[in-house]
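This briefing covers helix packing and ligand surroundings. Please view the structure below before reading on.

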Amino acid sequence: MTTETNLLALITGVSRAEGLGFETARQLAQRGMNVLLTARDLEKVNLLAQQLQSEGLKALAFQLDVTSDESAAQLAKEVEARFGKLDVLVNNAAGYFDAGGTPLESDMDFIRDALDTNLLGAWRMVKAFATLLRRSGHGRVVNVTSGAGSFSDPVFGLPVHRQNVPVYGITKLALNGLTVKLALQLKADNILVNSVCPGFVATYPGTADWGARPVSEGAAGIVWAATLPDNGPSGGLFRDGEVLGW
Ligand SMILES: NC(=O)c1ccc[n+]([C@@H]2O[C@H](COP(=O)([O-])OP(=O)(O)OC[C@H]3O[C@@H](n4cnc5c(N)ncnc54)[C@H](OP(=O)(O)O)[C@@H]3O)[C@@H](O)[C@H]2O)c1
């Protein structure tokens with residue numbers, strides 16, 4: 001992608017100034033993109049968009065709940081009416097970090113809700129925005145995943161801990177599967193779809209003391225995948241622009 005000033009990016013889950021969604025939006029906007037910040041709480045996302053605007057960046061705020069088909073469809077309609085296309089979709093919204101959890105003790109409603117947000121949220125968004133991404137001619141989809149959903153991560157990976165985020169990890173494992181399948185289908189449309197793990201990032205108080213790195217570093221890997229050239233990889237899992245083992 002060379003002329004990024006004409007590009008439009010949409011990021012889900014931008015409700016916290018400390019979060020990866022906000023920092024990703026800022027970095028994409030600093031490259032000249034027009035960024036659409038979205039979150040469940042319109043008041044919160046409005047304030048964050050205003051913050052970027054005050055930095056001289058192109059940012060707008062929209063309400064979006066990624067668990068709602070209607071909400072995703074309504075936003076796609078609005079984006080189509082105002083912009084006619086979408087170049088970058090960052091599926092960042094997620095939750096349900098069940099630290100200390102075990103698969104047998106996990107509540108079925110919690111599991112369903114986690115899948116609805118972390119897996120189906122991204123799926124729903126790509127379905128809703130596929131037409132607009134195709135119109136870009138250079139669409140990019142980034143699914144923000146986690147080492148907790150991989151077999152290779154030596155610290156947070158699926159086989160490492162008996163009691164470590166089983167529900168969250170499995171939703172991210174499934175999200176990575178979605179990445180592979182979407183990449184295959186959307187290749188003909190020049191849309192690149194990748195999963196990116198930001199690493200352990202200090203988005204919550206105290207986590208820096210446990211070794212979490214600055215948000216700017218985690219977001220940079222997401223921005224890398226959002227701005228790949230047309231001959232860039234698709235259907236992969238990356239951290240900091242490097243291949244991560246599944
Ligand atoms: N921080 C890390 O170390 C780390 C490591 C690996 C992966 N990640 C991934 O990075 C992404 C961002 O995480 P973060 O650390 O920046 O935490 P975060 O600020 O809590 O980000 C999650 C965002 O998702 C939003 N969200 C949850 N459910 C939603 C829904 N139904 N519709 C729309 N938005 C919804 C939250 O908004 P509300 O305020 O409305 O709940 C929040 O803005 C997540 O995908 C996470 O899994 C983070």
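In which crossing, left-handed or right-handed, does helix 3 pass helix 4? Helix 3 passes helix 4 in a right-handed crossing, the near helix being turned clockwise from the far one by less than a right angle. The model is predicted: local features need pLDDT of at least 70, side-chain atom pairs count only at pLDDT 80 or more, and totals for chains, interfaces and linings use all residues. Residues are numbered from 1 along each chain as its sequence is written, and side-chain values use heavy atoms, with hydrogens and water left out.

**Helix 3 and helix 4**
- Helix 3 (residues 69-83) packs on helix 4 at an angle of about 15°, their axes 8 Å apart (helices are DSSP runs of H or I, at least four residues; axes are lines fitted to C-alpha atoms over the stretch in contact, with angles from 0 to 180 degrees between N-to-C directions).
- That makes helix 3 roughly parallel to helix 4 (an angle under 35 degrees).
- Residues in contact (heavy atoms within 4.5 Å) include Asp-69 and Glu-80 of helix 3 and Arg-124 and Arg-135 of helix 4.

**Helix 4 and helix 5**
- Helix 4 (residues 108-136) and helix 5 (residues 166-186) pack at about 20°, with axes 9 Å apart.
- Helix 4 is therefore roughly parallel to helix 5.
- Their crossing is right-handed.

**Ligand**
- The ligand is surrounded by 26 residues (a heavy atom within 4 Å); the closest are Ser-15, Arg-40, Tyr-168, Thr-203 and Tyr-204.
- A ligand oxygen atom lies 2.7 Å from a side-chain N or O atom of Ser-15.
- For Arg-40, a side-chain N or O atom is 2.7 Å from an oxygen atom of the ligand.

How values were computed:
Helices (H or I, at least four residues) and strands (E, at least two) are DSSP runs, numbered from the N terminus. Angles under 35 degrees count as roughly parallel, over 145 as roughly antiparallel, 65 to 115 as roughly perpendicular and the rest as oblique. A polar contact is a pair of N or O atoms within 3.5 Å; within protein, one must be able to donate a hydrogen and the other to accept it, and residues adjacent in sequence count only if both atoms are side-chain atoms.
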